[in-house]
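Dear colleague,

Please read the notes with the structure open beside you.

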Amino acid sequence: MKRIFLEEIPSTNDYAKARRNEKQDLLVVAKKQTGGRGTKGRSFSSQEGGVYLSRLQFYENFPAKDAFRIMQSAAAAVCETLSSFGLIPKIKWPNDVYVNGKKICGILIENTFSGGFVASSVVGIGLNVSNDLPDELSPIATSVYKETGKKISVDEVIQRLLRVWEKKTIHESYAQYLGWLGEEVSLVLGERTAKATLLSVDGEGGLWARVNGEEKRFVAAEVTLRVTEKTEEEK
Ligand code: BTN
């Protein structure tokens, strides 16, 4: 895998996507992004001191029905990396990682498909390490520095992340890190919000939840999961 390190770029995902035509696996790392992108058209704050990387990978014979494995591997690799620094990460389905009730990492995956197979993927990971977070994010976002009080180098985090991401079975740990199982959450479906109890996530990435006594399956494109951390009194 070719590695490219950049000082500043609008978005490492966009950079990796623009080089898809070269048909070569690629890792793009930037010190900061000026146009970091999140899921559902949101932006991703990307000031210096965080991990902003994208991995472009090409596949042969990778059935599209198994595409969720790409997310499982990336999210589980982030969680194992954070655990190695003594943190207790939780995955908020499908693509966010939380620590102590606040978001520490977001993952944006952009795949291409060909005839029922995944042809390539760009996996973008944005992980708050010791980067400043804008004031408006401080109630909902956190960083490795905020949680540990230690200034850990971005390079060290990237090295650990790449090491665990290589493990063949890393995707299997996704379920272990999945948060809020059995707990009450909100599911936002367009204009409507429903109270639900989280049950599981299946191999194709569908979320199973109990809503009004009925077990239902939801897909990430149609629904947003909202979680509220329990206060100390509620625990
Ligand atoms: C989300 O929280 O919705 C996903 C955020 C993904 C951010 C990463 S940072 C590296 C890569 N480049 C981008 O523009 N986005 C991803």
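To begin with the ligand, the residues of the shell around it in this predicted model divide into five nonpolar, 12 polar and three charged. Of these 20 residues, the ones that come nearest to the ligand are S11, Q33, R37, T39 and K103. As for the elements that build the shell, at least two residues each are supplied by α1 (12-18), β3, β6 (102-114) and β7 (117-127), and the most are given by β6, which contributes four.

In the side chain of Q33, an N or O atom is 2.9 Å from a nitrogen atom of the ligand, while for the side chain of T12 the corresponding distance from an N or O atom to a ligand nitrogen is 3.2 Å. With N13 it is a polar backbone atom that is found 3.5 Å from a nitrogen atom of the ligand. The ligand exposes 410 Å² when taken alone, and the protein buries 98% of that area.

Turning to the tyrosine, Y59 is placed in the loop that runs between β3 (51-58) and α2 (68-84). If neighbours within four places in sequence are left aside, Y59 is in contact with I70, V118, A119, S120 and S121, and with S121 there is a polar contact between the two side chains, at 2.7 Å. By contrast, V129, which is 70 residues from Y59 along the chain, has its C-alpha atom 31 Å from that of Y59.

With best regards

Definitions and conventions. Residues numbered from 1 in each chain as written. Predicted model: local features only at pLDDT ≥ 70, side-chain atom pairs only at ≥ 80, totals over all residues. Heavy atoms only, no water. Contact = heavy atoms within 4.5 Å. Polar contact = N/O pair within 3.5 Å; in protein donor to acceptor, adjacent residues only side chain to side chain. Near = heavy atom within 4 Å. Areas by Shrake-Rupley, 256 points an atom, 1.4 Å probe, with all protein chains shown as cover. Nonpolar A, V, L, I, M, F, W, Y, C, P; charged D, E, K, R; others polar.
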